[in-house]
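Please open the model in your viewer and keep the selection panel at hand.

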There are 2 protein chains.
Amino acid sequence: MSMTNASPADAARDAKAASHVLSTLPASARNEALTAIYAGLEGARDEILAANARDLEAARRQAADGAPLSQSLVSRLDLGRKGKFEDMLRGILDVRDLEDPGASEVIANIASLAVKSGNSAILKGGKESTESFKAISKVISEALAKTQVPNGAIQLVTTRDVIPQLLDLDQYIDLVIPRGGNELVRYIKSSTKIPVLGHANGLCSIRPTPKMAADVIVDSKTNYPAACNSLETLLVQESALDTLFPAAAEALLAKGVLLRCDPKSKAALAKASFASQHGDKIVDAKDADFETEFLALELAVKTVVGLEEAVAHINTHGSKHTDAILTSSPELAERFMNSVDAAGTYWNASTRMADGMRYGFGTEVGISTNKIHSRGPVGLEGLMIYKYKIRGRGQVAGAYGEGDGKKHFLHERLPL
Amino acid sequence: MSMTNASPADAARDAKAASHVLSTLPASARNEALTAIYAGLEGARDEILAANARDLEAARRQAADGAPLSQSLVSRLDLGRKGKFEDMLRGILDVRDLEDPGASEVIANIASLAVKSGNSAILKGGKESTESFKAISKVISEALAKTQVPNGAIQLVTTRDVIPQLLDLDQYIDLVIPRGGNELVRYIKSSTKIPVLGHANGLCSIRPTPKMAADVIVDSKTNYPAACNSLETLLVQESALDTLFPAAAEALLAKGVLLRCDPKSKAALAKASFASQHGDKIVDAKDADFETEFLALELAVKTVVGLEEAVAHINTHGSKHTDAILTSSPELAERFMNSVDAAGTYWNASTRMADGMRYGFGTEVGISTNKIHSRGPVGLEGLMIYKYKIRGRGQVAGAYGEGDGKKHFLHERLPL
């Protein structure tokens with residue numbers, strides 16, 4: 001691992017060369033490297049939390065100066081939040097052992113997954129986390145230096161100006177993983193020939209019917225609104241407007257959620273007894289709301305006639321991330337799950353389940369809304385590719401075919 | 001299937017919408033469509049071969065007028081070549097049944113794989129195959145019209161000017177598969193934000209040692225020189241220059257192969273008795289020869305000290321397609337197969353084995369030299385992606401965690 005001052009081309013070439021070494025290291029050597037990272041981070045907890053506190057302080061200072069500072073940004077940034085540092089540490093061991101769950105902080109995530117999967121990685125932190133990033137990377141760098149992992153395998157860049165140059169190096173770089181909002185992902189996609197693992201915004205939608213509706217909807221929206229797997233659009237079947245919807249809306253309002261309603265859903269709420277207390281929290285939806293990733297306690301609500309309209313809306317306006325249906329009908333649920341073109345399609349479960357830790361991957365590099373290579377939460381397997389090896393005894397293609405004395409290919413399905 | 005006159009944006013939007021229908025059709029409906037294509041093509045054999053003959057005639061006429069016409073192009077174009085039409089037909093049934101091997105002609109390949117995998121496809125034929133393309137597509141179009149496959153699922157474009165517009169439609173198109181030489185692949189990659197399945201040139205290299213060397217090398221080079229899995233660079237270990245190399249070279253020369261030799265390998269041949277008969281077929285290699293896809297009876301020959309130099313050469317100059325080692329040492333072979341960064345790494349077998357039919361995939365859309373999504377021969381599985389479905393009973397993320405009364409995620413490895 002190196003905090004690189006090399007030119008982007010040199011950095012990328014070194015990373016490529018390092019990956020050729022890394023991929024030939026035995027699993028034990030890669031696991032040792034992960035143990036070293038874990039021990040390093042654990043030993044440097046105070047130093048890292050102090051750096052992180054400086055980042056948070058800088059972010060709050062900018063907010064005081066009028067810069068937009070979302071609660072979402074602070075939630076993501078704060079390593080001191082209860083359990084977050086422990087989750088980060090556990091994520092590294094989980095990747096090493098590939099058994100138990102664990103979440104973790106981005107830089108440690110990616111470095112672990114890269115080492116374990118035999119890929120090199122060049123990391124660029126967000127400017128708001130500069131101090132935390134430097135502190136963590138110093139520890140990881142020192143830890144890896146004691147192992148067989150080549151120095152070029154994990155590299156860090158700290159200035160934004162090298163990004164366009166890196167995006168040009170498709171001869172060395174196999175995949176770009178932007179982590180951030182829609183705007184970043186769009187910028188990256190339009191600036192490179194390298195495949196981009198689109199960690200785009202999550203426009204998760206739920207179509208409710210049964211009585212657990214309120215619980216699942218509230219969890220999907222409010223469990224961690226800053227996350228990309230939070231609910232952003234609620235599609236309400238017309239027949240449920242006066243039956244199931246009011247209870248769900250009341251529960252959302254009680255949690256402080258702003259409801260951006262289409263005319264029919266707004267009219268349905270106007271009849272409810274609780275509406276008058278929450279007048280400022282029930283507003284008219286604009287068209288753009290149905291394509292917006294709020295990442296905050298805001299929810300777009302749209303009325304649909306039935307399943308077909310819901311699916312058409314999701315396939316047109318959705319982000320291909322995760323979409324859920326709440327219904328007691330298995331037939332409707334299966335049709336929904338097959339027809340919606342998204343990485344995850346759920347029946348009667350919270351969209352917040354879309355997560356590498358919850359899926360049992362240990363940790364994730366992001367959630368892919370592409371259909372290329374990896375889809376949904378991307379963990380170790382999502383970063384791997386296969387290679388065809390043939391061990392022969394001099395077999396030649398010319399010996400096979402239809403003519404006299406030719407051999408035939410036997411293709412058998414073998415037991416796994 | 002439609003020979004489209006629609007704007008590229010309309011064509012792509014229709015294809016996307018059709019894919020949503022196609023992916024929900026039961027396997028039986030998709031298989032019926034493949035049966036219909038098969039029957040249609042079989043019934044129109046004479047008409048298609050006549051159209052193909054017109055393409056070949058036009059190609060030969062252009063060659064007579066001085067246009068470059070490679071033997072490689074004619075080989076690929078000629079549907080009348082013994083067994084080729086039958087292979088095309090069998091490929092369709094193989095995709096349908098996914099059991100037995102079969103090769104096939106591109107348009108039928110891609111249409112079958114698209115229908116079977118539930119993807120839509122927009123196809124553009126090469127200008128040299130215009131007549132064949134129209135004849136085959138007419139048959140496929142009529143066949144599919146009788147099935148449940150939506151009309152937009154397979155579309156054909158015949159003019160080159162729509163390509164840049166299609167490459168701009170990343171909102172509808174998930175993957176571009178250029179089939180052609182290096183120049184086409186480079187143009188496509190530099191012109192689109194859509195991921196490109198790089199079917200780049202095959203720079204297959206072999207490093208010989210044991211006695212089957214001559215057979216495997218000759219097969220790799222001469223079995224079908226127009227194919228991307230043909231041998232283009234031979235790396236000779238220095239210690240084999242006077243032992244194994246001369247016999248292999250003699251066999252290659254007897255097949256009419258031009259050897260582009262580095263100084264050491266040329267000097268080794270100069271000592272051989274057969275050299276004087278083949279003086280015009282043993283020439284000096286230029287640097288560019290080691291990065292050239294000849295697709296003809298030409299081979300670059302380079303001397304290397306040992307395994308490390310061979311691997312470094314391949315990882316620097318190779319195309320990540322298929323590379324083989326000929327050796328009696330299992331240790332050297334395993335090191336080679338792990339260290340070479342390519343879709344296929346072989347020990348003691350011909351590079352010509354790199355083929356979807358030979359791998360048992362039925363047919364292929366191409367050979368991927370990317371490490372993203374699919375690698376090596378790409379058949380049905382290589383065109384698929386997974387989707388995460390959750391069937392719940394109202395599970396919410398907030399119920400899981402570390403606190404009092406919280407549930408834990410259980411991740412168990414289930415038997416397959």
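Two strands are said to pair if DSSP finds at least two bridges between them, and the strands themselves (E, at least two residues), like the helices (H or I, at least four), are DSSP runs numbered from the N terminus. This is a predicted model, in which local features need pLDDT of at least 70 and side-chain atom pairs count only at pLDDT 80 or more, while totals for chains, interfaces and linings use all residues. Residues are numbered from 1 along each chain as its sequence is written, chains are lettered from A and ligands numbered from 1 in the order in which they are written, and side-chain values use heavy atoms, with hydrogens and water left out.

Select β13(A) together with β10(B), residues 344-349 of chain B: the two strands pair in the parallel sense over five bridges. Within this pairing, Ile390(A) stands opposite Tyr346(B).

Now widen the selection to the whole interface, where 67 residues of chain A are in contact (heavy atoms within 4.5 Å) with 66 residues of chain B. The two chains bury about 6,000 Å² between them, 58% of it on carbon and sulfur atoms; buried area here is the accessible area (1.4 Å probe) that two parts lose on being put together, summed over both.

For the charged pairs, show Glu334(A) and Arg391(B), which form a salt bridge with their closest N and O atoms 2.6 Å apart. The rule, which asks for a side-chain nitrogen of Lys or Arg within 4 Å of a carboxyl oxygen of Asp or Glu, finds four salt bridges across the interface of chain A and chain B.

β5(B), residues 231-237, pairs with β8(B) in the parallel sense over five bridges, and Gln237(B) stands opposite Val304(B). β6(B), residues 258-261, also runs parallel to β8(B) and is joined to it by four bridges, with Leu258(B) opposite Glu298(B).

Finally, return to chain A as a whole, which has 14 helices and 13 strands, and in which 55% of the 416 residues count as buried.

Notes
Buried < 20%, exposed > 50% of the residue type's maximum accessible area, 1.4 Å probe, protein only.
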